[in-house]
Amino acid sequence: SKLEKFVDELPDMPKIQSFEVVNGVFKSKPLEIGMFKKLWKFHRDLPPTPVYAYGTSKRNATIPGPTIEAIHGVDAFVTWQNHLPSNHILAWDPTIPTAIPRTKKGIPTVVHLHGSIGEPESDGHAHSWFTRRFKEVGPTWTKKEYHYPNSQHPGNLWYHDHAMGLTRVNLLAGLIGAYIIRDRDVETPLRLPCGDEFDRTLMVFDRSFLTNGSIYMNSTGNNPSIHPQWQPEYFGDAIIVNGKAWPRLTVRRRKYRFRIINASNARFFRFFFSNGLKFIHVADDSAYLEKPVITNETLLAPSEIADVIVDFSKSKSDSAILGNDAVYPYPSGDAVNEDNGKVMKFIIKKEPEHDTWRVPKTLVKYPDADLSSASKTRYIAMYEYTSDIDEPTHLYINGKRFDEPVTETPRVGTSEIWNVINLTEDNHPLHIHLGLFKVIDQTKLVKEEEFKACMLKLNDAIKCKIDHYARGDKIEVPAHEKGWKNVYKMTPGFVTKILVRFAFIHSNESYPFDATTQPGYVYHCHVSHFSPEQIL
Ligand code: C2O
């Protein structure tokens, strides 16, 4: 039975604030957020689905979880509580490096605030997991209460599970949510659409369901050495926004702000409006742009964020479908179909309205990417590699897997140039914790196979004469992706040059923690988190 589209209203997730106002000043308000197993209705005609959801109580738990609102400069304290039962609702592959409790009971979880600049103890390291009531904890676990300083620029972050080897199933089960840092001094003068009605977060992801409502995960094993639940990339056919499949939203003829987060495990979305409405980009993952940029479509890799204004007063029709035409896997895979090619529907009221929001000419000016300031140049190669003793195919970074010793040791407060060489067939969204980066350009590799053969032998881009191969056509970075980012699409067959800054982008700010200890962080591909990560 096929699910009818656009029958459920778009939900808004509950908002919780990590601060309170006492005598006119902002004060931190410690939060406790739990993870609960519960039933969730993804669609009017679908039986309730067993899920894991974040919330302040089981009753309040939602998919996605509550949107946490924080204030720039006001520390947030969150105790993440695991209330999950012993056994996972989804099947997982125990043959890859995975957090497994000694007692084999309980579901390891740990929360990462994606885009946050803060202390490593609160970063949600994959080995800092914990089970129900902290009964068992992972080897790098240190504390219950996480501290987020919020001393970074205002912008859009999101939180999600990050437990070793279980991230993909924990996310599929529902452990995701949005986090916004606001800064009145910077944002009020912009006069962008604001308030609950006109400033909304859209968390978009894909899921498949069985007719009984439970989440369907295909099993991929057809080889005796591959576990049936080996699941490098997950694609679902139903497109979910804020916890409802293909929802609808009635809007007024005026401007809205949408903070669109791609919370899929592996699906890229290229969004467009069926009636030609445009996206006016004002920010991306975790930072504002310098100037608004208008586009007809917007391509988001998993975990990328587009913060856009949509002006419905410009609509020539009374409804618009938000569509998606990104093939999957991207860019080597299948074309979208009737189902995953549609996202949600906007029903646009007839009466014209006057609104006082505006799209300013300039937004927020941050330092430029200064290549001459880079203290180091690194080459990071991504490739898949199969050997007889090493099934299934793993994604390696510089020939290394996650649990190998630390490879890159940048110093806090410095900038570096990273040349990321993608020798796989698919586009991989590279995410770096703690750092923010600017994408400089992407250069096609000539004679890629020759270079790859050398890399498989020597694992060393310099020895393999990368400069000799990185001299094909260049792709220009689209204007709306030229701001500071924490994740970007590494085009296959290309070298992507980025300038990473292991520091705040506000040049006048320092780290909210002791920078002399050189904290450890990870960078990794954001597809399902199946791939190895490395520690900075
Ligand atoms: Cu979205 Cu390591 O995180």
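**Figure 1. The lining of the second largest cavity in a predicted model.** Three strands, β19 (279-284), β21 (297-300) and β22 (305-311), each supply at least two residues of the lining of the second largest cavity. Strands here are DSSP runs of E with at least two residues, helices are runs of H or I with at least four, and both are numbered from the N terminus. The model is predicted, so local features need pLDDT of at least 70 and side-chain atom pairs count only at pLDDT 80 or more, while totals for chains, interfaces and linings use all residues. Residues are numbered from 1 along each chain as its sequence is written, and side-chain values use heavy atoms, with hydrogens and water left out. Look for H281, A283, D284, T298 and L299, which are among the lining residues. Domain 2 (199-352) and domain 3 (371-535) both give residues to this lining, so the second largest cavity lies between them; the domain bounds come from an automatic or database domain assignment. The volume of the second largest cavity is about 60 Å³. A cavity is a set of points, on a 1 Å grid over the protein atoms alone, where a 1.4 Å probe fits but cannot get out; a pocket is an open set with protein on both sides within 12 Å along at least five of seven lines; lining residues have an atom within 4 Å of a point. Grid points are joined across faces, edges and corners, and a volume is the space filled by probe spheres set on the points.

**Figure 2. The largest cavity.** The space in the largest cavity comes to about 110 Å³. Its lining has 13 residues, and D12, K15, T67, R200 and T201 lie nearest the centre. With 4 residues, β12 gives the most to this lining. The lining of the largest cavity divides into 4 nonpolar, 3 polar and 6 charged residues. For this count, Ala, Val, Leu, Ile, Met, Phe, Trp, Tyr, Cys and Pro are nonpolar, Asp, Glu, Lys and Arg are charged, and the others, Gly among them, are polar.

**Figure 3. The largest pocket.** Here the volume is about 450 Å³. Of the 23 lining residues, R182, E187, C194, G195 and D199 are the closest to the centre of the largest pocket. Domain 1 (15-183) and domain 2 (199-352) both give residues to the lining, so the largest pocket lies between them. Charged residues number 11 in this lining, with 9 nonpolar and 3 polar.

**Figure 4. The largest nonpolar core.** This core has 92 residues, and W80, Y179 and F258 have the most contacts inside it. A nonpolar core is a set of buried Ala, Val, Leu, Ile, Met, Phe, Trp, Tyr and Cys residues joined through side-chain atoms within 4.5 Å. Leaving aside neighbours within four places in sequence, Y179 is in contact (heavy atoms within 4.5 Å) with residues including I68, L113, Y148 and W158.

**Figure 5. Two residues with positive phi.** S303 is not a glycine, yet its phi is positive, about 80°. S303 sits in the loop between β21 and β22 and counts as buried, because its relative accessibility is 1%. K465 has a phi near 60° and counts as exposed, because its relative accessibility is 56%. Buried means under 20% relative accessible area, exposed over 50%, and partly exposed in between (1.4 Å probe, protein chains only).
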